[in-house]
Amino acid sequence: MTDQDNVEFEALEGEIEISPPEIYAANLIEWAVDQHASDLFVSDSEHSVIIAIRRLGKVQTVRRLARDYGHKLQGHLRVIAGSDAGDMLRPTEGRGVLHTPNGSKVDLRLSTLPTLFGQDVTIRLFDPVRGTRSLSELGYDSHELEIIRSMIAKPAGLILVAGPVASGKSSTLYAAVDALNDETRKIHTLEDPIEHGIPGIMQSQVNLRIGLDFADLLAVVLRHSPDVIMIGEIRDARTAQTAIRAGISGQLVLATIHAKSAAEAIDSLVQYEANPKFIARSLVGVINQRLIRTLCPKCKQASTQPASQVPERLASRVPTSPDHLYEAVGCEACFEEGYEELTCVSEILQNSHEIEEAIASSQPAATIDAVARQQGMLTLAETIATRVLRGETSLVEAQRCAPDPLLLNLEQ
Ligand SMILES: [Zn+2]
């Protein structure tokens, strides 16, 4: 036995030190939800089982358990989620509802993966109290909200939400669908997986095991007289081409797509062999977004460096020129992290006559980007800079989110 095998079993606050795994599991999940964690990981390492959470987008290790006890905990979590606790050799999936000791219900989705030293158990936590948030609760500023609302008010066309994994794309889609869900439209969603149930809309789940992918489902949904269609992700040519056609023929289609910038999202459609002329006619706009941590208002501190003059392109979005920017400190209220919550920041490309012509004539993404900027689009780095200048986030966090020379020049 090595030293690491003797890792002390650390109790969660207020809990008896050695408790049965089912009680530990319930307390752990309740604690993770209290911390606003989005995921909980219980993973085998060489000598112990590590418990970690993802909070505000970042992973934090919280406990190391002795292997025996950790395996009992993993087994119990698998039972809660209805996944086969005996099958350690294959990846498994499950869903469940946990009743926590304080009487609330938490929806969880569990996935297991065999690894070198055992298994990785990943649990996504859905806090029913928070559930689907509205567009105004996602952190866009009033200017971004106005553009997004005007785009989803269009009767037809394609709206794309771009960004990497964990950039809040599906929260934005859900919020947009929620805003349109007023009983005057027939709304269908195609999801993988269905994250929240929304009353009043038709939600369908992709099921690759029986060969039902986004493209197959979309073809069926189009025969069900939809007004609005939300597509979890465009990731193949058939889905891309069908979504574009639906946008031209009278449906409002909202979809996420993998792309680094708004203009590159259009390129991604071209990569899926979509006809540029059809893309140009169908596209309403692209919201390219990231999640950024906002400073804890209780402990943020003014930087000693004076701030630079607000760049001219940002002047209308930063009403008062600040003397200095703010830095993270850490206090009890923010669990010593210096940050309070995750908020959406975006670059929004709206289609226009000029952009339509650029897309239809197969101009490169850089040209489309330049046309959009000329028409007033703020790039992602520029939008993030407005948040820094307004004292809502730090320069360090801004650079982590979007490394850009513009941000370096915000301080003298
Ligand atoms: Zn604080």
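Here is a short chat about a zinc site and a serine in this predicted model.

Residues are numbered from 1 along each chain as its sequence is written, and side-chain values use heavy atoms, without hydrogens and water. As the model is predicted, local features need pLDDT of at least 70 and side-chain atom pairs pLDDT 80 or more, while totals for chains, interfaces and linings use all residues.

Biologist: Which residues coordinate the zinc ion?

Modeller: Donors are N, O and S atoms within 2.8 Å of the metal (3.2 Å for Na, K and Ca), and sites may look incomplete because water is not among the atoms. Here the SG atoms sit at 2.3 to 2.4 Å from the zinc ion. They belong to Cys296, Cys299, Cys331 and Cys334.

Biologist: What is the arrangement of the 4 donor atoms around the zinc ion?

Modeller: Four donors count as tetrahedral if all angles lie between 85 and 135 degrees. The ideal angle for four tetrahedral donors is 109.5 degrees. Around this zinc ion the angles are 106 to 112°, so the arrangement is tetrahedral.

Biologist: Is Cys296 buried or exposed?

Modeller: Buried means under 20% relative accessible area, exposed over 50%, and partly exposed in between (1.4 Å probe, protein chains only). Cys296 has a relative accessible area of 3%, so Cys296 is buried.

Biologist: Which backbone oxygen does the side chain of Ser167 reach?

Modeller: Ser167 is buried, because its relative accessibility is 1%. Leaving out residues up to four places away in sequence, Ser167 touches Gln289, Arg290 and Leu291, where contact means heavy atoms within 4.5 Å. At 2.6 Å, the Ser167 side chain reaches the backbone oxygen of Pro164.

Note on methods:
A polar contact is a pair of N or O atoms within 3.5 Å; within protein, one must be able to donate a hydrogen and the other to accept it, and residues adjacent in sequence count only if both atoms are side-chain atoms. Four donors count as tetrahedral if all angles lie between 85 and 135 degrees; four count as square planar and six as octahedral if opposite donors are over 155 degrees apart and all others between 65 and 115; anything else is irregular.
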